[in-house]
Amino acid sequence: MSMIGEYLRVTAAELDRAIRDPDWALDFVGKVQDAEEETESAPAEARHFSTYKTWDMLRFLLAHAEFPVNVIHGEEPFAEDEDWGYGPPRYLRPERVRLAAEALRTTSYDQLISGVDPAELARVEVYPLGWSEPGSLEWGRPWYDGLTQFFEAAAKVDDAMLVWLD
């Protein structure tokens with residue numbers, strides 16, 4: 001079984017409803033995922049996005065860069081008694097999504113990996129391991145680019161974000 005970083009763009013009204021009714025939120029997530037699975041939308045057009053197994057690598061790189069927003073785990077808890085795969089979901093309010101989008105846009109992937117030794121990821125056991133392979137740091141580039149596009153699109157329309165590991 002894999003651990004996958006998951007995101008859902010939600011309007012302010014949908015965020016309020018998700019906080020009040022976590023069962024509705026989980027059902028809504030499933031409906032959006034099912035609908036988008038058939039269309040395979042580009043990150044800038046999608047409501048759902050996944051960083052696949054790169055979530056922990058990106059967490060490590062963003063922490064190393066002192067990123068201002070926790071885009072990997074979200075910042076505010078809700079549905080704390082629920083388990084959406086690997087624990088409860090969290091969310092980012094629209095103002096945090098805007099800040100994250102700006103920081104993602106101005107932080108290139110090359111900047112994130114600059115000076116990072118893959119052996120460090122192995123030493124601290126960054127999921128999913130295997131950092132000794134040549135070019136292993138390049139693995140996260142397409143997901144970082146997609147995450148950047150996804151957050152920029154959300155910020156343009158003032159969306160919030162649900163975040164969880166599945």
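A residue is called buried when its relative accessible area is under 20%, exposed when that area is over 50%, and partly exposed in between, as judged with a 1.4 Å probe and the protein chains only. The exercises below use a predicted model, in which local features need pLDDT of at least 70, side-chain atom pairs count only at pLDDT 80 or more, and totals for chains, interfaces and linings use all residues. Residues are numbered from 1 along each chain as its sequence is written, and side-chain values use heavy atoms, with hydrogens and water left out.

**Exercise 1. Is Phe60 buried or exposed, and which residues is Phe60 in contact with?**

Step 1. Phe60 is found in helix 3, which spans residues 55-64.

Step 2. Because its relative accessible area is 12%, Phe60 counts as buried.

Step 3. When neighbours within four places in sequence are left aside, the contacts of Phe60 are Val116, Glu120, Leu121, Val124 and Val126. As for distance along the chain, Phe60 and Leu112 are 52 residues apart, while their C-alpha atoms are separated by 9.6 Å.

**Exercise 2. Compare the places and contacts of Thr54 and Thr148.**

Step 1. Thr54 sits in the loop between strand 2 (48-52) and helix 3, whereas Thr148 lies in helix 7.

Step 2. Thr54 is buried because its relative accessibility is 0%. Thr148 is buried as well, because its relative accessible area is 10%.

Step 3. With neighbours up to four places away in sequence set aside, Thr54 is in contact with Trp139, Gly140 and Trp143, and Thr148 touches Leu104 and Arg105.

**Exercise 3. Which residues have the most contacts inside the largest nonpolar core?**

Step 1. A nonpolar core is a set of buried Ala, Val, Leu, Ile, Met, Phe, Trp, Tyr and Cys residues joined through side-chain atoms within 4.5 Å.

Step 2. The largest such core holds 37 residues, and those with the most contacts inside it are Tyr7, Val71, Phe151 and Met161. At least two residues of this core come from each of helix 3, helix 4 (94-106), helix 5 (109-113), helix 7 (141-156) and strand 5 (160-165).

Step 3. Beyond its neighbours within four places in sequence, Val71 is in contact with Tyr7, Leu62, Leu92, Ala100, Leu147, Phe151 and Val163. A second, separate core has 16 residues, including Leu8, Val10, Leu15 and Leu162.

**Exercise 4. Examine the backbone at Tyr127 and Pro128, and then at Glu40 and Glu125.**

Step 1. Tyr127 is placed in the loop between helix 6 (118-123) and helix 7, and the place of Pro128 is also in the loop between these two helices. The peptide bond joining Tyr127 and Pro128 is cis, with omega about 5°.

Step 2. Because its relative accessible area is 21%, Tyr127 is partly exposed. Its C-alpha atom is separated by 29 Å from that of Ala35, which is 92 residues away along the chain.

Step 3. Although Glu40 is not a glycine, its phi is positive, at about 50°; Glu40 belongs to the loop between helix 2 (22-39) and strand 2. Since its relative accessibility is 71%, Glu40 counts as exposed.

Step 4. Glu125, likewise not a glycine, has a positive phi of about 55° and is found in the loop between helix 6 and helix 7. Glu125 counts as exposed because its relative accessibility is 62%.

Technical notes. Helix = DSSP H or I, 4+ residues; strand = E, 2+ residues; numbered from the N terminus. Contact = heavy atoms within 4.5 Å.
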